Amino acid sequence: MTSMNTPPISTSVPGDYSWQEYAPLQHTLDRKDRVRLLKVMTLFAAGGTEGQVVNLVRRLDREQFDLQFVCLRKWGYYLDEIEQRNIPVTEYKLTSFFTPRLLQLQMQFAQQLRRQDIEIVHSYNFYSNVFAMPAAKLAGVPVTIASIRDQGVYLSPLQKIVQKWACSFADKILVNAGSIRDWLLEEGYPEEKISIIRNGIDLTRYPRVAAPTSIRTELGLPAEAPLVLMLSRLNPQKGVDDFIKAAALIKLRMPNVRFLIIGERLQFRDGEFRQDSSYHHQLHDLAVNLGVEDRILFTGHRTDVPELLAEGAVSVLPTHSEGLSNTLLESMAAGLPVVATQVGGNAELIKDGINGFLVPPQSPATLADAILRILSDPALATRFSEAARARASEYFSMERMVQDTQTVYAEQLQLHKKKERHNEHSHQK
């Protein structure tokens, strides 16, 4: 297991938007009249899970739920918004799971749960699940919920074993894709514990027509050049090298196309998270060797992804492994045709030949062919565009995600109360 430390603050987030337009929600009812809900996060960084959690917080019915957070690092892009909404955040600063301090902090956390009479604990991903689920069960919290949002590609075999053990203390395990559910079943997780709640997207943030903008001027892009976008962390598992190789093949047939790689990579080094420039240099060298360095732009993190998507012609995700991709959802919401690899939850978003193309992973030639088909056929691109936005609207709305989550909370509380009544009745006998 890896250790953790505080990353430097980043001010750019792909696909996010300013939270200032949302007025902070005050606690409008007495605390005892609402369900006491505590969410556990590792930190509040600019990631897909964190973004989905904050989207849920923005729309959670605060007349039903009294919400607070616990984190292992009080850091990240979204922290200001959480605190501006007057949501309490408690830090249990944990630098490593290989330390006796872990047990000490878990005991303190359990005491907090008892003291505040917390009714639901909901944790997200490996570190939070391992920290929170055993402590919550020890504290006698009525409902314990873990979330797993990938297929464990970044976890060691030992970490997978530890997370499975921690999730044995959960009443419910929420996943965001059927592919993750299938993987958990293969790993031996109990089927009855697993529920799917897919990610949600706010379509109002993604205009279908590009507004007058200086983005192309800022980035030095020709006004008429088709833009092929890849939104992703710079990680070898995301297939960024395949995207660059496909770009070289496309240049031979359509030299006016430009390619944007939007995102960066943080790596744990010297006791903290830092931007990993070494991998960026490897990718740049690959582009130079393939003769496409003049066609590819590495933008780093951007806060104006909706505007970038509105300028795009095709969105590409050549990943080797995936849960349910937020960047694909953003692309669909913007009405962009998509080319993605047929891995993980991608097929739950992209219907091949209907709103995009699915291709085999690690196949740059096939990837290039699919992109070229869209770029060279405006009618096909229009059909994919309309179908993509319609699918995002019908199946992946933010309202659906929020309502499904609140329904799980209510159902699990009802089950707990039913068990309590049954136990009391049995005891009286």
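Predicted model: local features only at pLDDT ≥ 70, side-chain atom pairs only at ≥ 80, totals over all residues.
Colleague: Among contacts between residues at least 6 apart in sequence, what percentage join residues at least 24 apart?

Modeller: This value describes the contacts of the protein between residues at least 6 apart in sequence. Within that set, the share that joins residues at least 24 apart is 71%.

Colleague: At what angle do helix 8 and helix 9 pack, and are they roughly parallel or roughly antiparallel?

Modeller: Helix 9 covers residues 277-289, and its axis lies 10 Å from that of helix 8. The angle between the two is about 20°. Angles under 35 degrees count as roughly parallel, and helix 8 and helix 9 are therefore roughly parallel to each other.

Colleague: Which residues make the contact of helix 8 with helix 9, and how many of them are nonpolar?

Modeller: Helix 8 passes helix 9 in a right-handed crossing. Helix 8 contributes V240, D241, I244 and K245, while helix 9 contributes Y279, L283, L286 and A287. By class, this contact has no polar residues and two charged ones, and its nonpolar residues number six.

Colleague: Is helix 8 oblique or roughly parallel to helix 13?

Modeller: The axes of helix 8 and helix 13 are 8 Å apart, and the helices pack at an angle of about 55°. Helix 8 passes helix 13 in a right-handed crossing. Angles under 35 degrees count as roughly parallel and those from 65 to 115 as roughly perpendicular, so the description of helix 8 and helix 13 is oblique.

Colleague: How many residues in the contact of helix 8 with helix 13 are charged?

Modeller: From helix 8, the contact includes D242, F243, K245, A246, L249, I250 and R253. From helix 13 come P364, A365, L367, A368, D369, I371 and L372. These residues divide into 10 nonpolar and no polar, and the charged ones number four.

Colleague: Is N235 buried or exposed?

Modeller: N235 is found in the loop between strand 8 and helix 8. Leaving out residues up to four places away in sequence, N235 touches Y154, V240, R265 and Y279. Its relative accessibility is 12%. Because buried means under 20%, N235 counts as buried.

Colleague: What is the distance of the polar contact between the side chains of E311 and R216?

Modeller: E311 is in helix 10 and is buried, with a relative accessible area of 15%. E311 and R216 are 95 residues apart in sequence, yet their C-alpha atoms are 8.5 Å apart in space. The polar contact that joins their side chains is 2.8 Å.

Colleague: Which elements are included in what covers the buried residues of helix 6?

Modeller: In helix 6, residues 178-186, the buried residues are G178, S179, I180, W183 and L184. Just after this helix, G188 takes a positive phi of about 95°. The cover of the buried residues includes helix 5, strand 6, strand 7 and helix 12.

Colleague: What is the relative accessible area of N346?

Modeller: N346 lies in helix 12. Apart from neighbours within four places in sequence, its contacts are L317, T319, E322, G323, S325, L328, A340, T341 and L358. N346 is buried, and its relative accessible area is 0%.

Colleague: Is D117 buried or partly exposed?

Modeller: D117 lies in the loop between helix 3 and strand 4. Its phi is near 55°, a positive value in a residue other than glycine. Because buried means under 20% and exposed over 50%, the 47% relative accessibility of D117 counts as partly exposed.

Colleague: Is Q362 buried or exposed?

Modeller: Q362 lies in the loop between strand 15 and helix 13. Although Q362 is not a glycine, its phi is positive, at about 55°. Its relative accessible area is 56%. Exposed means over 50%, so Q362 is exposed.

Notes. Residues numbered from 1 in each chain as written. Heavy atoms only, no water. Helix = DSSP H or I, 4+ residues; strand = E, 2+ residues; numbered from the N terminus. Buried < 20%, exposed > 50% of the residue type's maximum accessible area, 1.4 Å probe, protein only. Polar contact = N/O pair within 3.5 Å; in protein donor to acceptor, adjacent residues only side chain to side chain. Contact = heavy atoms within 4.5 Å. Axes fitted to C-alpha atoms, helices over the stretch in contact; angles between N-to-C directions. Parallel < 35°, antiparallel > 145°, perpendicular 65-115°, else oblique. Left-handed = near helix turned anticlockwise from the far one by under 90°. Nonpolar A, V, L, I, M, F, W, Y, C, P; charged D, E, K, R; others polar.
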